[in-house]
Amino acid sequence: MATNHQVIASSILSLQSKAYPNSKIRNRTKPISLSLSDAHTTVQKEDIVIVGAGIAGLATAVCLQRLGVRSLVLEQAESLRTGGTSLTLFKNGWKALDAIGVGDELRTQFLEIEGILMKTDEGRELRSFSFKEEDSSQEVRPVERRVLLQTLADQLPPDAVKFASKLAKIEKAGAGETMLELDDGTQLSAKILIGCDGIRSSVAKWMGFPEPKYAGHCAFRGLAFYPSGQPLEPRVTYMYGRGVRAGYVPVSATKVYWFLCYNSPSPGEKITDPSQLKKQALDLLRNWPSSILDMIDLTPDDTIIRSPLEDRWLWPAITPPPSRGSVVLAGDAWHPMTPNLGQGGCCALEDAIVLVKNLSAALKSGQESVEEALELYGRQRWIRVFPLTIRANFVGALLQWDNPAICSIRNNLVVPKLVRMGPMLEHTNFACERL
């Protein structure tokens, strides 16, 4: 009896043979001569092309691979991201990783976080919560971004990711195909194009999406390294000042992720010099508890970054839908959000699963076209990501108060007596079934 994976694979071949009756179809075909402008230009023909080897792109490729469907991932960088910091995944993110098939492999490498501690910028404790007491099913673990990306990439065939492949041009062709041209002149034809190329997405720009908007504050992030072992309890610590907030969470036995957000009327100039970044971060936290200051000093140069916080609100009937024909967006390329709820990475993983399930259902049933499946994905995910984007923005705005009187109310009334963690975790109740 054929497995579901075999049925899907055979359905794809059937779909391909109908679209191209006179050609021999393979999962990765050799380049053929086909161009909108030059009949002698070599064009590489692909079934599914994913732009971007970030979380959304690699997760989507792995989901497709799990169902026996190959894809080509185009990444403009020379390699997978090796620097950077970490991201914290809540239970919806871990359920998604379990559905993809890499959850257990990652769990063994990172600490489970037990709760949250909230403090003032002077170190006075305001409130604490236990995740398990609020929700016995909750699971919170930070993950190093580079490890997550490498783990996902390791699930793919060696030729699945093509590096140094910056997208230069997109245009529609006949038979529902999309033509792509890279910076080096390489041309590809894709039956399905999935844009996972991040907050500055070329695919989103081609589809008519506006640029993300600046949220009014910037963030420093770093990954401190303790050679002899970090001394912290397994919990997230938040500290609130006036127009500045900071926090940290232990990632592993020797690493601690830290961040600080500060109000700024503009994003400012891009700074890449690590010594300058550290100096600016320390200046912002002058007179704060030594624990966070020590973390900044212990941060390797390649793991400290500064970036403006931006998002895009997906207003119905105003913002374009995430799919146009056989082109679709996922992750930050579609719905960049501020990190105040810890849901950017989680939602990217969810996107991958929902998108691939819709595609596989369309291919298996033969009743629903790929375009209809992509439209359904957009409707399903919009209900999820639009409210989260707005909520994350509002939470950030509230936490960035700089008025002394309002900050006093926050520290003496709102956080100690009014904040409830249960409702703040409801958005993590998203179930993912294995593919």
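Valine 203 touches Val51, Leu167, Ile170, Leu193, Gly195, Asp197, Val327 and Leu329, where residues up to four places away in sequence are not counted and contact means heavy atoms within 4.5 Å. The model is a predicted one, in which local features need pLDDT of at least 70 and side-chain atom pairs count only at pLDDT 80 or more, while totals for chains, interfaces and linings use all residues. Residues are numbered from 1 along each chain as its sequence is written, and side-chain values use heavy atoms, with hydrogens and water left out.

**Interior**

Val203 is also among the residues with the most contacts inside the largest nonpolar core, together with Leu58, Ile100 and Met118; this core has 105 residues. Helix H10 (residues 344–365) gives the most to this core, contributing eleven residues. Apart from it lies another core of 21 residues, including Tyr226, Trp288, Met295 and Ile296. A nonpolar core is a set of buried Ala, Val, Leu, Ile, Met, Phe, Trp, Tyr and Cys residues joined through side-chain atoms within 4.5 Å. Buried means under 20% relative accessible area, exposed over 50%, and partly exposed in between (1.4 Å probe, protein chains only). Helices (H or I, at least four residues) and strands (E, at least two) are DSSP runs numbered from the N terminus.

**A covered strand**

In a regular strand the side chains alternate between the two faces of the sheet. Strand S4 (residues 86–89) is covered on both faces, with Ser86 and Thr88 buried on one side and Leu87 and Leu89 buried on the other. S4 pairs with strand S7 (residues 141–144) in the antiparallel sense over four bridges; pairing requires that DSSP finds at least two bridges between the strands. Within this pair, leucine 89 stands opposite arginine 141 of S7.

Two residues other than glycine with a positive phi are listed below.

**Surface**

Ile409, Leu413 and Leu418 make a nonpolar surface patch of about 280 Å². Isoleucine 409 is found in helix H12 (residues 404–418) and counts as partly exposed because its relative accessibility is 46%. Patches are made of residues with over 30% relative accessible area and no salt bridge, with like charges joined within 9 Å and nonpolar side chains (Val, Leu, Ile, Met, Phe, Trp, Tyr) within 5 Å. A salt bridge is a side-chain nitrogen of Lys or Arg within 4 Å of a carboxyl oxygen of Asp or Glu. Accessible areas come from the Shrake-Rupley method with a 1.4 Å probe, and for residues only the protein chains shown count as cover.
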